[in-house]
Amino acid sequence: MVNCGLLTVKNEPVPLKSIEVELQVQGHVATVSSTLQYTNEEQSPLEALFVFPLPAESALCHFSAKIGDQETVAKVQEKEKAKDEYDDAIASGQQAFLLEESDESEDVFKLSVGSLPPGQSAAVTFIYVTELSVQADHSLRFCLPAVLNPRYSPPGTQAGVVSEITTSASIPYSLSFTATVSSPNPIAKIESKCALEPLVFNTDRTNAKVSLSAGHKFDRDVELYLYYENAHQPTAIVEAGVPTAKPGTLMGDPVVMLSLYPEFPEAIMSSMSTCGEFVFVMDRSGSMGCAMHNGPGAKMRIESARDTLVLLLKSLPMGCYFNIYSFGSHYKSLFPKSVEYTEETMDQAVKRVKEMQSDMGGTEILEPLRNIYSQQCIPNHPRQVFIFTDGEVGNTKDVLQLVRNNADHHRCFSFGIGEGASTALIKGMAQEGRGHNQFITGSDRMQPKVMQSLRYALQPAVIDITEVWSVPAGMSTTHLSPPLNVLFHGQRALIYAQLKGENQTPDSQGTITVKYQLAGQEVTNTLNYSLKPAENSGLSIHRLAARSLIRSLERQEQTEGAEKEALKARVVELSVEAGVSCSHTAFIAVHKGSGEAVEGPMLKRRVPTAMRFRSMPMAMACAAPPMARVLRSAPRKALRAAPRMASCGVTQMYFDVPPQRSFGGHMSLVSSCNDCEDISDMLPPDVVEDHLLELISLQKASGCWEMGNALVKVFGKPEDEVVKQTPAQVDKGVWATILALIWLHGFKMDDQAEWQFVAMKAVTWIQNQKVANLSECVQAGNSLLGCQVKEEALGL
């Protein structure tokens, strides 16, 4: 037996010694520099492959390698040319480095470190720029992923290596992380789920510096939450072009990045829709049986998703339509087609949801989506698709293409559950489906984030969005972002544009006006901005704008047609000009070494990345063939013909067989991740009671509660005492519903985002009952529960 994963011939991990990360934040944009230190401690030349995740919205813009005192800066080339140069270099004894985007997903990169002599060390540095996402509390989130989940590829696909993992829970390399933050507005605070050194601010708090505490183990995502004062205001940054670049080109002209926060009229925001077809798509693959985090009291992903789906079902308006799909290696739906939301259908759905387990194998999301899109839409009930997944799929681009093809017939709200979810998949589905995405990691509660998306789904869709640009005479603008196709109240929309021509005066201004139709009304939002370039902004805005334009062209390219080759050529041209990665280019660095050809076999290794998994009751081991495959004399295609990898949450195998299969008759592999069997029965159940979710689960579809032992248990009162204090001539259902509302307002105000729609339904139901002595009921309820909630606060 040989342990699976990336190992040396001595059955030891390939030594990635350290990772050093420097983060620089300017407003909404982050520049991340990472340096990885390798050492070849083997007796043979080494070729290593390190697979790592980057945010889907990032632009990789620099790569360099340093061997000894010699540093080589990589250049961007068309991908096949770069691969040819890499192969020629390692075959002739030179050190070479190849950095490329995965063919399966744009948020995964592969770094090939070629022909390192025995005892030699190498440091590789890559830099990327990224937009920081806005959270529900208006903070900006930066995430350095420690986890790259194994991406499941359906049988019969040609997916290659997407992720590499190790069987060891410990990470064999160290991490140092320092962040410098600057903002035009004062920085209120910086928070993280990881331990930080004390913050250091300048006098006016527009600059701050922070580092991870010493001894941090890179066993979880490093997340920073940045809180700026007045963060909700629209902003614009103009960045000067490269002085040596040709005017009229992307890099030679200034580029503007606009951050818009549309504000919808209050009258529209206060009236939520009561119609719609809500389709909930639940990932029930084996990996959903993993814990949300490593801390105490962590729920399983499937358990948290179940609770959230119950909350959503209880929050739907009467008269809408809904259905629930479960998927893994196959899929099934609760109803043959969407049904009307009634007491009977809701009860049936809640019962089935509570029985859901992570027992459906792999993560094949294409087929359930195809089935949903094949269903005829219900007139006057806009389709809203909610997708819950840990994002561990290998055919991301196929999924996004399918969502894009059906964008005119639905809105897609996607939720990435647990650390390591694919940002390309989760953000891409929401972007292509004109919806909204959320990530739930660590100890985050899923419910408030999902309810925010439900609020968006119940808002009327914004249509007919147009942008009108105005600049001084002698100037013009070229749009670099995809056309705006979705806007939500208070949610940031980023727009990039190239400013052509000469700006005659230093104090001149530009204007953008965004017009759209909302619930039959025309709404206009306008932003004026200075055309004077910002100081010390580098080229981060240009690179993000180039990445935005490249992604748009790549999406167009996926449509078959005569323009395909022309679009590809334009993408390669932009990628090389801006120095940012894309699907058709790669970074190539060749260090001129001795020039002697490699003698004998060169070992190929897979460098481990961190992987979160649950403790196993037994050691995980399986037979694996040796990996010394690469010979100098082999042709290039043969050099890359690695065995197809079946990925499993805690091991890596090199066989084209199902992961559950027994090897050599000795043992069967048991895993907690997506291609494998669920092991949730091995773990102790969560004993912490959530009275809020219990109360919500007891509500009827109409919005009322019924008096019973389960309800009074939530109140912490004996049933006979609660019944005895029922006001005269008041129905028990009315009394129970008023008590539930008082309990929510009195004890769970911090969680109001979760129960807002539940309470609205309850208030509507009570008002329809025409209760004569409502004030007396509220007073009696406060007395019973020990609260002081006013009648107007309840909305009655």
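Predicted model: local features only at pLDDT ≥ 70, side-chain atom pairs only at ≥ 80, totals over all residues.

**The open sheet**

Author: An open sheet is formed by 3 strands, in the order 26-29-30, with antiparallel pairing. Strands are DSSP runs of E, at least two residues, numbered from the N terminus. Two strands pair if DSSP finds at least two bridges between them.

Reader: Which strands stand at the edges?
Author: Strand 26 (463-470) and strand 30 (521-530). Each has a single partner strand, so one side of each lacks a neighbour in the sheet.

Reader: How many bridges join strand 26 to strand 29?
Author: 6 bridges, and the two run antiparallel. V468 stands opposite T513 in strand 29.

Reader: New topic. Is S33 buried or exposed?
Author: S33 is buried, at 18% relative accessible area. Buried means under 20%, exposed over 50%, partly exposed in between (1.4 Å probe, protein chains only). S33 lies in strand 2 (residues 29-39).

Reader: What about the largest nonpolar core? How many residues?
Author: 80 residues. Such a core is a set of buried Ala, Val, Leu, Ile, Met, Phe, Trp, Tyr and Cys residues joined through side-chain atoms within 4.5 Å. F278, F280, F386 and F388 have the most contacts inside the largest core.

Terms used:
Residues numbered from 1 in each chain as written. Heavy atoms only, no water. Helix = DSSP H or I, 4+ residues; strand = E, 2+ residues; numbered from the N terminus.
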